[in-house]
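Please look at the sequence and the structure shown below, and keep both at hand while reading the report that follows.

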Amino acid sequence: MKLTACIIDDDLVSQFATRYCIQQSNGDFDIITCSSGEEGLKSCFELLENSNKLPDIIFLDLVMGGMSGWDFLHNLQNLFKDCELPSVYVLSAFVNTSDRSIAKDHKLISGYIDKPLSRSFLDKILKEEGKKRNAF
């Protein structure tokens, strides 16, 4: 099954590393990259309009100029409340225990990953996503 992954990160090197990891995986992906939370929301609207669904997985940086990752999540939850929301994995370059604890309890966040995304962690994500999709 082909999954749509959306990378939302204002750091181009991190975007590239995450995209490369996904491309090297055994999964079948369409990959969307966005440089801001605003661009991420716009991509979600476009995807919903064109394919009647949101991305399956979002890899989200929390610390970005403009709209933060937290603001993106808030908007995603409010703007798309009638849709099946994607699994969101936070990608962070910082060890912020407060962000980790908030992320752990946030109902939209499926996981918190230290940058860069590793192949082994991506394999775990793919396994979890497969279980979710087979449960329906």
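Which residue of β3 is the bridge partner of Ile 7? The bridge partner of Ile 7 in β3 is Phe 59.

## Basis of the report

This is a predicted model, in which local features need pLDDT of at least 70 and side-chain atom pairs count only at pLDDT 80 or more, while totals for chains, interfaces and linings use all residues. Residues are numbered from 1 along each chain as its sequence is written, and side-chain values use heavy atoms, with hydrogens and water left out.

## The sheet

Five strands form an open sheet with parallel pairing, in the order β2-β1-β3-β4-β5. The edge strands, each pairing on one side only, are β2 (29-34) and β5 (109-114), and from one strand to the next the twist averages 20°. Strands (E, at least two residues) and helices (H or I, at least four) are DSSP runs numbered from the N terminus, and two strands pair if DSSP finds at least two bridges between them.

Strand β3 (residues 57-61) runs parallel to β4 (residues 87-92) and is joined to it by five bridges, whereas four bridges join β1 to β3, also in parallel. Along β4, Ser 87 stands opposite Ile 57, Val 88 stands opposite Ile 58, and Val 90 stands opposite Leu 60.

## Two enclosed strands

Because five of the five residues of β3 are buried, this strand is largely enclosed by the rest of the structure; buried means under 20% relative accessible area, exposed over 50%, and partly exposed in between, with a 1.4 Å probe and protein chains only. Ile 57, Phe 59 and Asp 61 cover one side of β3, with Ile 58 and Leu 60 on the other.

Strand β4 is likewise largely enclosed, since six of its six residues are buried. Ser 87, Tyr 89 and Leu 91 point one way from β4, and Val 88, Val 90 and Ser 92 point the other way.

Leaving aside neighbours within four places in sequence, Ile 8 is in contact (heavy atoms within 4.5 Å) with residues including Cys 34, Ile 58, Leu 60, Met 64 and Phe 72.

## Two loop residues

The peptide bond from Lys 115 to Pro 116 is cis, with omega near -5°, and Pro 116 lies in the loop between β5 and α5. In the loop between α2 and β3 is Asn 52, which has a positive phi of about 65° although it is not a glycine. Asn 52 is exposed, with a relative accessible area of 68%.

Methods
Axes are lines fitted to C-alpha atoms, for helices over the stretch in contact, and angles run from 0 to 180 degrees between N-to-C directions.
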